[in-house]
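Could you walk me through this model in my viewer, stop by stop? I would like to know what to select next and what is there.

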Amino acid sequence: MRRPRSVRALLAALTTVAASGALVIGAGGAASAAATPLPAHVFAPYFEAYNGDSPAALAQQSGAKYLTMAFVQTQAQGSCTPYWNGDTSQPISSAVFGADFSTIRSRGGDVIPSLGGYAADNEGTEIADSCTDVDSIAAAYEKIITTYDVSRLDMDIEDNSLTKPAGIDRRNKAIKKVQDWAAANGRSVQFSYTLPTTTSGLEESGLAVLQSAADNGARVDVVNIMTFDYYDNATHHMANDTQTAATGLVNQLAPLNPGKTQAQLWNMVGVTEMPGIDDFGPAETFTTADAPVVRDWAVSKGINTLSFWALQRDAGNCPGTGGSDSCSGVEQDPWYFTHTFAPFTSGGGSGPVTNDFSVSASPGSATVAPGGSTTATVGTAVTSGTVGTVALTATGAPAGVTAKLAPASVQAGGTAQLALTSSASAAPGTYSITVTGKAGSLTHTATFTLTVSGPGGGTGALANAGFESASPAPWTCESGTTVVTTPVHGGTHAVRTTPTSTATGECAQTLTLAPNTHYSLSGWVQGNYAYVGVRGGATGSAWTSSTGWSKLTVPFTTGASGTVTVYLHGWYGQGAVYGDDFSLS
């Protein structure tokens, strides 16, 4: 999954793998789980791991709690070493995506690593095609599972991988070895096969993959069909085609699993759509009207997995374009398909979908001097169902501070600007501004913390400078930042930031100081490559590497606005840094 090419034309020539015996799918499993098992009904869109996006950031922006990460493959034919996207700079390591995955889990979600994909299957770098040693393939699977502590691996098998009986056999033998290893170690691990489909069910090549699994005693927990790129030059109604394809799959699985009820068979089914115009073109367009139909049908049938290719496509900024990696090709609100499918996870096939939304403020805090101003972006997101217009209000501003929202109402999923202006007479202090969003009978709020500093700025303008509140606020910090009680330089608390391979772990605070005035920022730090600096209306920084507390001082001069951002951060992959007792003079 997925490149612009006639997949159906390729599949027409596929070799059928002859086999016999009963297919064992979804029967049994390991004992207790090391990783948290996935929900019985989960929405997990594919995420294009090769374009530099942060999985955690896009998951939060879109509202997708679970992601299917695409793809893991080898660098070249003959290799047995797995990499993300076959890129040797992205090995299977906690330093690569590990922090993102931890953040996703902290929000109640999880990830499903996916191996293979169209490019790997076509180029011979799908690991079971590339590597001829079953034990090495199994070891690679186990490494992915233990490195990221995941409870499911997805095998995206299409194109040339469907024509390679030896690779199919090795893959299923390796899956069986991993399942035996998991059972012996009290770990629950699921395996899904993602396969091409016709509008009436799997082709013989796809069934041969499942038959090989049965012959090797490998348990397949989910059969995920790609309900797009049919390439059959037929007339398509994509929502109807999804239903007939899945019904055909269940009919194919039934004789292979004679002990299963219809409900159990349906709970083996996964469906992956391609929002908007697929690779074939406009004749195969999954519309915004199709999405709620498929979601409600999936809930009613109790299928296991609902997905689409891919999260980055869930935008409407390229009308008429097919097969794009970054947009759907149809007119849509941002994240429309995610918002429509997301309730499938919580619904779990047990009731109607409810409508709901959320409100957020970014950044969540700021400091201004009397006479100064600041802004924040108020975001709204549909968290389930459909939501129309959200009316926004801001309350809690102290005397001398005005809070205005523009616009005062947005379509759910849209944003507004919160502008806060302090008069010269505003009293110094910290205040909570409540932003309220109301859509019909639904109401949600977000809090913005405003600190009004002493007249003209000065030391008092830097809030929570020693982190003695036991929280970073009003500093805005990247994921992984915590306030600690040891080590500390003064008082009882300090801040710890944790850089990753893709982020510096920055904590920052925006201040409005006296314009065209000289200041000196100081802070105590320890750790490798600890930076203290200022940007925005002024520029300056200093750094050190120290195993004990060391003071850094950065002189700077404000510009005409007086607004600057002060910060502390480490360096990519160089370990945690600590900060304490900052001052501004």
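Select glycine 108, which follows helix H3 and has a positive phi near 90°. Keep in mind throughout that you are looking at a predicted model.

Now step back to H3 itself, residues 98-106. Which residues of this helix are buried? They are Gly98, Asp100, Phe101, Thr103 and Ile104. To see what lies over them, show helix H2 (55-62), strand S3 (66-73), strand S4 (83-84), strand S5 (110-116) and H6, which are included in the cover of the buried residues of H3.

Next, go to the loop between S4 and H3, where you will find asparagine 85. Its phi is near 60°, a positive value in a residue that is not glycine. As background, most residues other than glycine have a negative phi, and most peptide bonds are trans.

**Into the core**

Select tryptophan 84 and show its surroundings. Apart from neighbours within four places in sequence, tryptophan 84 is in contact with Ala49, Met69, Phe71, Val72, Gln90, Pro91, Ile92, Val96, Phe97, Phe101, Pro113 and Tyr148. Phe101 in that list is also one of the buried residues of H3.

Widen the view to the largest nonpolar core, which has 91 residues. Trp84, Tyr141, Leu153, Met155, Tyr193 and Leu195 have the most contacts inside this core. Which helix gives the largest share of the core? Helix H6 (residues 134-148) does, with 8 residues. In soluble globular proteins, nonpolar side chains tend to be buried together.

**Two helix pairs**

Two packed helices are described by the angle between their axes and the distance between the axes. Start by selecting helix H7 (residues 165-184) and helix H8 (residues 204-215), whose axes come within 9 Å and cross at roughly 45°. That angle makes H7 oblique to H8. The crossing of H7 past H8 is right-handed. Show side chains for Ile168, Asp169 and Asn172 on H7, and for Val209, Ser212 and Ala213 on H8: these residues make the contact. By class, the contact holds 3 nonpolar, 2 polar and 1 charged residues.

For the next pair, select helix H9 (residues 238-253) and helix H11 (residues 290-301), which pack at an angle of about 25° with their axes 9 Å apart. Here the angle makes H9 roughly parallel to H11. H9 also passes H11 in a right-handed crossing. On H9, pick out Met238, Ala239, Thr242, Gln243 and Ala246; on H11, pick out Asp290, Val293, Val294 and Trp297, and you have the residues that make the contact. This contact of H9 with H11 has 6 nonpolar, 2 polar and 1 charged residues.

**Stops in the loops**

From H9, move to the loop between strand S8 (222-226) and H9, where aspartate 229 is found. Aspartate 229 is not a glycine, yet its phi is positive, about 50°. Is aspartate 229 buried or exposed? At 5% relative accessibility, it counts as buried.

Alanine 310 lies in the loop between strand S12 (305-308) and helix H12 (336-341). Look for proline 487 in the loop between strand S23 (482-484) and strand S24 (494-497).

Methods: Residues are numbered from 1 along each chain as its sequence is written. This is a predicted model: local features need pLDDT of at least 70, side-chain atom pairs count only at pLDDT 80 or more; totals for chains, interfaces and linings use all residues. Side-chain values use heavy atoms; hydrogens and water are left out. Axes are lines fitted to C-alpha atoms, for helices over the stretch in contact, and angles run from 0 to 180 degrees between N-to-C directions. Helices (H or I, at least four residues) and strands (E, at least two) are DSSP runs, numbered from the N terminus. Angles under 35 degrees count as roughly parallel, over 145 as roughly antiparallel, 65 to 115 as roughly perpendicular and the rest as oblique. A crossing is left-handed if the near helix is turned anticlockwise from the far one by less than a right angle, and right-handed if clockwise. Contact means heavy atoms within 4.5 Å. Ala, Val, Leu, Ile, Met, Phe, Trp, Tyr, Cys and Pro count as nonpolar, Asp, Glu, Lys and Arg as charged, and the others, Gly among them, as polar. A nonpolar core is a set of buried Ala, Val, Leu, Ile, Met, Phe, Trp, Tyr and Cys residues joined through side-chain atoms within 4.5 Å. Buried means under 20% relative accessible area, exposed over 50%, partly exposed in between (1.4 Å probe, protein chains only).
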